[in-house]
Amino acid sequence: MLLESTERGLFCAAGDFYIDPWQPVARAVITHGHSDHARPGSRHYLAEETGKLILQSRLGPEISIQTLRYGETVLLNGVRLSLHPAGHVLGSAQVRLEHQGEVWVVSGDYKLEADGTCAPFEPVSCHAFVTESTFALPIYRWRPQAEIFREINDWWRANQEMKRTSVLLCYALGKAQRILAGLDSTIGPLFLHGATERFLPAYRQAGVTFPATAKSDAQNVRSAGGAGLVLAPVSADNSPWLRKFGELSVAFASGWMQLRGPRRRRALDRGFVLSDHADWDGLNQTIQATGAELVWVTHGYTSQLVRYLRETGRRADAVDTRFEGELEAEIEKAPGSPNVADAEGA
Amino acid sequence: MKRFAELFCALDQTTRTNEKVALLERYFRETPPADAAWALRFLCGRLLPRAVPTRNLWRWTAEEAQLPDWLLAECYDAVGDMAETIALLLPESQQGTTLPLAEIVEQRLVPLRELPERARRDLLRRTWRELNSKQRLVWNKLITGDFRIGVARTLVIRALAAAAQVDPAIMAHRVMGSWSPTSADYLRLIAPVSAYLSELAQPYPFFLASPLEIKIKRGENLSALGSIDDWFAEWKWDGIRAQLIRRGGESLIWSRGDEMVTEAFPEVVEASQMLPDGTVLDGEILAWHGEGPMPFSKLQRRLGRKQVAGKTRSDFPVVFVAYDVLELDGTDLRAQPLESRRQQLEVLIQRAAAQFNQAEPRRVLDAGETPMFPGLEFTCDDHGAPGPPAFPIRLSPLVPACSWEELTRYQQQARQRGVEGLMLKARRSPYGVGRQRGDWWKWKVDPFVIDAVLICAQFGHGRRASLYTDYTFGLWHNGELVPVAKAYSGLTDEEIRQVDSFVRTHTLEKFGPVRAVKPVHVFELAFEAVQASTRHKSGLAVRFPRMNRWRHDKKPEEADTLDSLRSLAGLEKQGR
């Protein structure tokens, strides 16, 4: 086996490196900057070029980090390693490993629909595929994002009519930028919470353009008279900070909003089903497209996907992870507190 | 169906009461009566019985979605709502139907139950394919007979009252009565007040007591309520709250769940013939034996049957313990002060009992027996002898306390008397509608408590779907933790999130949807009663367990033992 599952995470013995380890190691290959994948404390990091600023912002500017562009190859102790777009967030990559004719691909987190803020997902053929399974149940099937953005725009307009500020909660890395780029910015002024503003420079450097925004302080937001939309992290829900804005309608954009239960339990006004992960059909299509003979499943509804794959005639196994993708990520990093666990990016 | 499904989704998408009422009001104003009648019925929680057995519903869903059964079960586990799970699993469909709700209900839903299996499957499939995803969710909710959508009935009534421009209290009264989901009945419900003829069968909306505030009972600070002379104290009975209606020479019994339970209690109906026409009493139905009430479980034996057999009747005799009179000689007394209503109630029952006793010989109390509820006897005591009266409509006695201290002592003895605690009612209080704070308080006995260890967890339902909220707790016995109770309520959302994340990271083993977790956390459980049980591994069954607080200060080995729970059961038995 080219990879093995260890206490610290996925380990490639031949190349002597880990992929997304959750404990400090000598060499860590990182699929993307979410905190359940990029953990602090390792000696050397390897990641995709456009994700470098994100990792430095997350793990500290002093980390030792080497980068690759998508498709570029390096040799690590005889293992050929390359990174390929995962379509999840800026700089998210699938890790392709080749050693003695055997090809493995570790997906990290991925999404099939292109959103214009990061390189779109490309299936990579391989012998063995390590896939995430955050939404690996057939109840999770996404509608096209154009429809979801239409819903968000309509909600924003309806709030404006009632002079109610729209607050859209979302994960600060990935989702926030995707929404900012996808919204109809002609509707009204846009305001950003510090956490959602934090990663914009990395995106801008990668060539992504965003509409004009302002800082979401109470004076700015109130002066818009309920016409504005505030993009805020999940942790801002029910906070004193939000209450300063006057009358609100609060919504959350996440794949978890597919179910009424999680939406109702947060007492949200609206839930928009917008996910940065593959849905049930997306996972199965991708597994098919890789042509993999062996599938390892991690991060989420692992046992369910493993059983389904086995019953449909594939070799599949569950791989343990410290982090369960089914975890409804609650805690987001407050700006300037680098070591707090944050969005798992659902 | 289109309009109703859109109403459902719109209601589901707001947490604001005013918006919900506005949506409902607009719906009632714009919808044809035939559809509105059904909608009102469903929104009031009166559903049709489940139309398709669960087993078949899952099988046909599996066929439509082309997925294995076990995967459907996993999905249900994550969603926590059968109707929603099925709606999410069925293949995509966009267009939707334009058939009116009444037609969908009368020509699809109602026949569905009667059809042979094959035809039933075909009709169900055809309907699924015609509906879009919003409509499917509503349709599935109708066929599974579970239609909770987080809209209180009082809001529905408020909206209907606004749409019809009728006073909400009158509308509450109308909706509570009997009506069928037809255009004609609906038009009658929304008719102007003058045109509406009161149905003889209709009960009044119940007035409900609020739990006594903790700061009052904890500090024994009852004087915050003013002088005890301004209050009546009664026992809080553990029975079925009901209205006994005597109008037009007929008797009816309505339970607080708006169910007509007349047939279940023939002795009360017979006795009610002694009441004058145009009488409505509010009270409690209890199974009564000798000197006191029997446990609620005995009373349950009388429910859910059309005919009560002679043996059930003699084994579990019931009484109607009256505590209020809402209508006398056809006049609504609810605006009068309780004090005055109570006086009229006493006279009324005294007369009725005397009349009844002339016709029926009375059992006399055996020598040495003392009545547990002094005061109950005067309902028939026209001969001076103490004893439980034979007349099954009785006056709920006042608790004879002259001071708050004395009342507190009575409250503490409640469990021994087989009652749930005390009721405090302001003497000047009118009979209100629903739960209005201030005039009526319930003061229940303190529950039993025990410290138990969290040992298993499972996903909750509804808004707690995909979250570990349903827990099993264990107590120590011979060095092992034996499961004794399941509890779901009592934690804050924040605590639930903490437990949820603990469960995910400290699972020892998975048994289907149940996760056994590392026994680390101790919770104080509260419960109302504990009885021996052969159905539970522990040999004990606790009634209504819930989590009082998370004992962060206790280690698992400091939790209580099964023996300590057993001794509570012993006390419980002695008390009864």
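This is a predicted model: local features need pLDDT of at least 70, side-chain atom pairs count only at pLDDT 80 or more; totals for chains, interfaces and linings use all residues.
Colleague: At what angle do helix α2 of chain B and helix α10 of chain B pack?

Modeller: Residues are numbered from 1 along each chain as its sequence is written, with chains lettered from A and ligands numbered from 1 in the order in which they are written. Helices are DSSP runs (H or I, at least four residues), and axes are lines fitted to C-alpha atoms over the stretch in contact, with angles from 0 to 180 degrees between N-to-C directions. For α2 (residues 17-30) and α10 (residues 153-164) of chain B, the axes are 8 Å apart and the angle is about 50°.

Colleague: Which term describes α2(B) relative to α10(B)?

Modeller: Angles under 35 degrees count as roughly parallel, over 145 as roughly antiparallel, 65 to 115 as roughly perpendicular and the rest as oblique. The angle here is about 50°. Therefore α2(B) is, relative to α10(B), oblique.

Colleague: How many residues of chain A are in contact with chain B?

Modeller: Contact requires C-beta atoms, placed from the backbone, within 7 Å. Chain B contributes 25 residues, and their partners in chain A number 18.

Colleague: Which element gives the most to the side of chain B that touches chain A?

Modeller: The elements of chain B giving two or more residues to that side are α5 (69-79), α6 (82-89) and α20 (493-505). With 5 residues, the element that gives the most is α5(B).

How values were computed: Two residues are in contact if their C-beta atoms, placed from the backbone, lie within 7 Å.
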